[in-house]
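I opened this model to note what can be looked up about its chain contacts, one of its strands and a loop residue. My entries follow in the order in which I went through them.

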Amino acid sequence: MENRIVVKCKNVGKTFIQGKEENEVLKGVNLAIKEEEFVVLFGLAETGKTTLLNLIAGLEPVTEGTIEVNDEIVDGPKPNRGMVYQTTSLFPWLTVLGNVEFGPAVQGIKKTERRKKAQYYIDLVGLSGFEKTYPIKLSGGMKQRVGIARAYCNEPKVILMDEPFGHLDAQTRYLMEEEIERICAKEKRTVIFVTNNIEEAVYLADRILVLSDKPSHIVKEYQIDLPRPRNITAKEFLRLRKEITDFVERSAGEVDG
Amino acid sequence: MAGPEEVFALICKYFIEPVGRTTLFGHIGASLGRVLIGYSIASLAGVTLGLAMGYSKTVRAIAAPLFNIVRPIPAVAWIPMTILWLGIGEAAKIFIIFIGGFANTVINSMSGVRTVDPVLIGAAQLLGASKWQTFRRVILPSSFPYVFAGLQISLSGSWMSVLAAEMVSSHEGVGWLIITGMNNANTAQIMAGMIPIGVVGFILVSLMRWIEKKLCAWNDRSR
Amino acid sequence: MAKKNARDSRIWLSIQKEKKEKRKYVLISCASLLTFLLIWELCTDILKLAPSYAMPSPLKVFRSFVAKLYQTAPDGSTLPVHIGVSVYTALLGFLMGAVIGSPLGILMAWFKTLDRIVKPVFDVLRPIPPIAWIPIMLVVLGIGTASKVAVIFMASFVPCVINAYSGIKQTNEVHIWVGKTFGASRSQLLFRVAIPTAMPMIFTGIKVSLGASWMALVAAELLASSSGLGYMIQIARSVGRADIIIVGMLMIGVISMLFSAALEYLERRFVKGVK
């Protein structure tokens, strides 16, 4: 059961057409993600990381190939996938509690039950006491915590995280990475995490998939078997970090040269 | 021109003694009553049409050409036609007030729906919301500040239109008060009507602002 | 090669789809307008559901429009003359209001003393709708251009002042600091920092003013006048000529649209740094 494949991309391609301009973002993406695996999609700016995530979420249609989640072909957004966004996509007119229980509420789960559930996840992300606060009153890090709780509370099969800490300051970012580590240790889920930060990738991932420049496809894969929670100054950690950095710089250089 | 003391004394007098059919309170009440009816109808119809036009391209394609022809015609320009159709009774006045509030409500409601952040819609769909749930739980609340801004503008528009309607023909109301002042060349009476008009307008605007603050506590604008 | 063709045909298909989509909605719009006119025609000329003095057919309205271009009946002037009088009066009052109002608003926001003296007067004037000025102006200045211009002046003056005032007040403090660090004098700060920042707001005020001016003019002409579009529709009502009322209303709407289009053009030309 441990090794069941949950997300499968077969030869996925995505081309945006705007007027007469054609923009091929993804081409020939193949990947398979196992249950309860934490996979980091790594790519520099302007690679198709976010696009790939949107395709898996079903927010945009694929141009070529197929994506399967839970053995079902993706053809639209469905609650078996949850998303944590780059910038806050919280519903500003709902309180923290309202945001977290949105998923269960639209799926018709009874009030007492969904309250209990929402409270569990609010406590899990460390926001106890902020249930009745509106997002506008929260800091960037707290907003992302709500986003994470909202995605988890819907109990999706796969959680997609699109550079969730990209807009946070360095200090908060470290803190949130530790939080994700803690949350994932407690609530095991399949996670696809997008980032352009190598340290973040090595710290969080079971496996790192490196995307090439546009049209992007997966050029390299790293299995990270370091024990958790990881120490970002450990020798092995630094070695891996350097190895990946070297690879990325080399492949970026090839294009420039 | 009447001096300030004279106008002030007259306003005080009008509060107690009737001018025409009723006291100043009665006139204000008559005008407000008309506004309440016309404005409520305009709000209901305007928000419904605006939301529908914002949500559905087809509805927008059907309604936009006619709406765009009618929209730039100010409410006062409807007065002669309204009198021809509905006579000079209450129905005519309420219709003018309706026109005075309708267009802005439609436009603001429409742009409210059209400026909903698509990321929020995607987020709701991923959390399992159906089409109707997305409309009710995301599009509606997210366009609310716009809708409300439209309602505020149109309340001012309706209040102005009631004056115009009453000035053209009526037996009571603040518009009647200033127009009879004009017919008797009584500047004191005109000003004794203008000041309450301004005060009531101010109270209506403040009231709307207060309601907005209460209802849109989550929004940037009212912070 | 085959691959390139596949890609080209994909683009072509997508463009075709987009075009088709656009055409569909234009078609719906045209159909909607035509249906409206047809139903109108059906109810009036053919089924005669309403008496023609209250609801003329669209054809009748069109014929009246053409006839009114050179005929003076029933109100004494041709349509172009009425339009000329109305536009002239409205622009006169509007320009006076804008030319005096916008600078006054700027000065009020910039000089505290002036603010303290003039602001209370404004807080009283602001909530009075322009229409409410009509009776007093008519009594004081009599029926004629002067009273109408005065009403329109009030209609355009107040929003110009208020918008210019809040535009200047919104000037970003950081910009002022930057200006000061570079050694700008107070008048340089006003002309090079505050006024450019306030330009979009000032323009908003001017746009609101023009709309209000036009409405106030129609109201003033309805109540007391001897020419102009408002007068024309008022007379048409008293003689039961709904066709002329509709012609007048449509003209009022069209001119209002032209006014806003002209201002939008000017705004794009003169206000830099927005959109």
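Between chain C and chain B I counted four residue pairs in polar contact, both residues at pLDDT 80 or more, where a polar contact is a pair of N or O atoms within 3.5 Å, one able to donate a hydrogen and the other to accept it, and residues adjacent in sequence count only if both atoms are side-chain atoms. I looked for salt bridges across this interface as well and found zero, taking a salt bridge as a side-chain nitrogen of Lys or Arg within 4 Å of a carboxyl oxygen of Asp or Glu.

I noted that this is a predicted model, in which local features need pLDDT of at least 70 and side-chain atom pairs count only at pLDDT 80 or more, while totals for chains, interfaces and linings use all residues. Residues are numbered from 1 along each chain as its sequence is written, chains are lettered from A and ligands numbered from 1 in the order in which they are written, and side-chain values use heavy atoms, with hydrogens and water left out.

Staying with this interface, I found 41 residues of chain C in contact with 37 residues of chain B, contact meaning heavy atoms within 4.5 Å. The two chains bury about 3500 Å² between them, 86% of it on carbon and sulfur atoms; buried area is the accessible area (1.4 Å probe) that two parts lose on being put together, summed over both. Ile136(C), Val139(C) and Met249(C) supply 16% of the area that chain C buries against chain B, more than any other three residues.

Next I turned to strand E3 of chain A, residues 38-42, strands being DSSP runs of E with at least two residues and helices runs of H or I with at least four, numbered from the N terminus. Five of its five residues are buried, that is, under 20% relative accessible area with a 1.4 Å probe and protein chains only, against over 50% for exposed and partly exposed in between. Phe38(A), Val40(A) and Phe42(A) point one way, and Val39(A) and Leu41(A) the other.

E3(A) pairs in the parallel sense with E8(A) over five bridges and with E9(A) over four, pairing requiring at least two DSSP bridges. Val40(A) stands opposite Phe193(A) in E8(A) and opposite Ile208(A) in E9(A).

Last, I checked Thr23(B), which lies in the loop between helix H1 (4-16) and helix H2 (24-55) of chain B. Is Thr23(B) buried or exposed? Thr23(B) is buried, with a relative accessible area of 18%.
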